[in-house]
Amino acid sequence: MGILGLSKLIADIAPTAIKESEIKHYFAIDASMSLYQFLIAVRSEGAQLTSVDGETTSHLMGTFYRTIRLVENGIKPVYVFDGKPPEMKSGELSKRAERREEAQKALVKAEEAGDAEQVDKFSRRLVKVTKQHANECKQLLSLMGIPYIEAPCEAEAQCAAMVKSGKVYATATEDMDALTFGSSVLLRHMTFSEARKMPIQEFHLTKILENLELSHNEFIDLCILLGCDYCDSIKGIGPKRAIDLIKQHRNLETVLKNIDKNKYSVAEDWMYTEARQLFLEPQVTDPEKIEIKWTEPDEEGLVKYLCGDKAFNEDRVRSGAKKLAKARTGATQGRLDSFFKVLPCPSNISNKRRGKNWSKEESKGWRWKISKTKMSINIFISILILTILHIL
C-alpha cells in the first residue's frame with residue numbers, strides 16, 4: 001500500500017520535486033512490486049501467459065524483456081526481493097487477505113453471471129506474488145547475469161538504504177514509503193510506462209522536504225498521519241488536514257494533544273511511535289557489505305530454462321542474451337527519456353494550460369511567483385506579456 005495520498009499531495013504542493021534526470025549507474029528495483037505489475041500487465045486475451053503445463057510465465061516474460069531494454073539503454077538495474085515482513089505489518093496483511101476474500105466471492109458471482117468485464121476485474125484483484133514467482137525470477141536473473149539482493153525485511157527499506165549510501169541512484173517502486181524510508185530519488189510507473197503508456201515519475205526527497213517546509217522526521221510523521229502499512233490513520237483526517245496539522249504542531253505528539261478528540265477518534269493503542277521507529281531504523285543489510293556484480297549471461301542456460309515447457313521463442317531468447325552481453329561491455333549512459341516517456345514538471349503543465357485557457361476571473365486572482373534562478377529571461381518576458389494581454 002505505501003503511504004495513502006502522498007503522491008497527489010506532493011504533486012499539489014511540491015510539483016517541482018517531480019522531474020526528469022539522467023540515470024546514473026545502478027538503481028534498485030522493488031522486485032515484488034515489479035513481479036506484481038507484470039502478472040497484471042503481461043497478458044494474452046485477458047489471461048496471464050502460461051507454460052505448457054499451465055504454470056504462469058507472465059512475470060518471467062516481463063522481467064526478461066524489460067530488463068534487456070533497460071540495460072540496452074545504459075540503465076543498470078539491481079532487483080531487491082522482500083524478506084520477512086515486520087510484525088507491525090500483520091494488520092495490513094490481514095486487511096489485504098479480507099479484500100482478496102471479498103474479490104474471490106465477487107469473481108464467482110461474475111462468472112456465474114457470464115460478465116467477462118467483471119471477471120477480468122476481480123481476477124486482477126486476486127493476483128498475488130508467490131514465493132515460487134520470486135524464486136523463478138531469481139533463477140532467471142542469475143542466468144541473465146543481473147544482480148539481485150534478498151532484503152532481510154522490507155524491499156523498499158533496503159532500496160532506500162542503498163540509495164542513501166550511494167550504492168544506487170534511485171529506488172524503483174510504486175510504494176511511496178520508499179521516500180519515508182529516506183530514498184533520495186523514487187521512480188514510479190516503471191512497468192506501466194510501456195504497458196499502459198503512462199509517463200514515468202521521478203520524485204526527489206530533498207525538493208519535497210523543501211517545498212513542504214518539513215524536516216525528514218516531520219515528513220515521517222506526516223506519512224504516518226496520512227496512513228501507512230504499520231498502523232491505522234486517524235479517521236477524518238485527509239491529506240490537506242494532515243499537512244496543516246504537521247506544519248502547525250511539527251510532530252504527532254503535539255498533534256494528538258491539540259486535535260478535537262470528539263471530532264477525530266484516535267485509538268488508545270495507536271502505535272505511531274513504533275511505526276516511526278520502523279521508518280527511522282528499518283531492518284536492512286548494510287549496503288557497504290553488499291556487492292553488486294554483473295556476470296556474463298548464460299545463453300544456453302536461458303534457452304534451457306525459458307524455452308520448451310515455458311514456451312518462449314528460442315530465437316528471441318538467444319537474441320536477448322546477445323543484447324545483454326553486448327550491453328554489459330558497452331559504456332553507454334542512459335537517460336530516463338530514452339527509455340520512458342518522462343512526466344514533465346506538473347507546474348509547467350499547469351502554466352501551459354493557463355496560457356491557452358486564461359479567463360478574466362483567473363487573471364485577476366492569480367499572482368505570478370517567479371524565481372530568477374529557475375526561469376530564463378525569455379520565459380519571464382513571455383509570461384509577463386501573456387498576463388498583461390489577458391488582464392486587458
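Predicted model: local features only at pLDDT ≥ 70, side-chain atom pairs only at ≥ 80, totals over all residues.
Trainee: Why is helix H11 called largely enclosed by the rest of the structure?

Mentor: H11 covers residues 216–226, and nine of those eleven residues are buried, so the helix is largely enclosed. Each buried residue has under 20% relative accessible area. They are Glu 218, Phe 219, Ile 220, Asp 221, Leu 222, Cys 223, Ile 224, Leu 225 and Leu 226.

Trainee: What covers the buried residues of H11?

Mentor: Their cover includes helix H1 (6–13), helix H8 (177–180) and helix H10 (205–212). It also includes helix H12 (239–249), helix H13 (252–258) and helix H14 (272–280).

Trainee: Which residues of H4 are buried, and what do they pack against?

Mentor: Glu 92, Ala 103, Leu 107 and Ala 110 are the buried residues of H4. They pack against helix H5 (116–125). In an α-helix, residues three or four places apart point the same way, because there are 3.6 residues a turn. After H4 comes Gly 114, with a positive phi near 70°.

Trainee: How do you know whether the length of H6 agrees or disagrees with expectation?

Mentor: The 14 residues of H6 should span 20 Å at 1.5 Å a residue, and the end C-alpha atoms are 20 Å apart, so there is agreement. Just after H6, Gly 145 takes a positive phi of about 80°.

Trainee: Which residues of H6 are buried, and what covers them?

Mentor: The buried residues of H6 are His 133, Ala 134, Glu 136, Cys 137, Lys 138, Leu 140, Leu 141, Leu 143 and Met 144. Their cover includes H2, H3, E4, strand E5 (148–150), helix H15 (299–306) and helix H16 (314–329).

Trainee: What is the volume of the largest pocket, and which residues lie nearest its centre?

Mentor: The volume is about 1,500 Å³. Of the 37 residues that line this pocket, Ser 32, Tyr 36, Arg 96, Lys 128 and Val 129 lie nearest its centre. Helix H2 (31–41), H4 and helix H6 (131–144) each supply at least two lining residues. The largest share, seven residues, comes from H4.

Trainee: How many aromatic pairs are there in the whole structure?

Mentor: A search of the whole structure finds six. In one of the pairs, the rings of Trp 270 and Tyr 272 have centres 5.1 Å apart and planes at 40°, so the pair is called tilted. The limit for pairing is 6.5 Å, and an angle under 30 degrees would count as stacked, one over 60 as edge-to-face.

Trainee: Are Trp 270 and Tyr 272 buried or exposed?

Mentor: Trp 270 is buried, at 12% relative accessibility, and Tyr 272 is buried as well, at 13%. The cut-off is under 20%.

Trainee: Which residues form an aromatic cluster with Tyr 65?

Mentor: Phe 64 and Phe 312 form one aromatic cluster with Tyr 65.

Trainee: What makes Lys 138 count as lying over the face of Phe 81?

Mentor: Lys 138 is 5.1 Å from the ring centre of Phe 81. The criterion is NZ within 6 Å of the centre and within 35 degrees of the ring normal. Likewise, the charged end of Lys 310 sits over the ring of Tyr 305, 4.4 Å from its centre.

Trainee: Why is Gly 74 called buried, and where is it placed?

Mentor: The relative accessible area of Gly 74 is 5%, so the residue counts as buried. Gly 74 lies in the loop between helix H3 (58–72) and strand E4 (76–81). Gly 74 and Arg 328 are 254 residues apart in sequence, yet 8.9 Å apart from C-alpha to C-alpha.

Trainee: What makes Gln 201 count as buried?

Mentor: Gln 201 has 15% relative accessibility, so the residue is classed as buried. Its place is in strand E8 (residues 201–204).

Notes: Residues numbered from 1 in each chain as written. Heavy atoms only, no water. Buried < 20%, exposed > 50% of the residue type's maximum accessible area, 1.4 Å probe, protein only. Helix = DSSP H or I, 4+ residues; strand = E, 2+ residues; numbered from the N terminus. Contact = heavy atoms within 4.5 Å. 1 Å grid on protein atoms, 1.4 Å probe; cavity = no way out; pocket = protein on both sides within 12 Å on 5 of 7 lines; lining within 4 Å. Points joined across faces, edges and corners; volume = space filled by probe spheres on them. Expected span 1.5 Å × (residues − 1).
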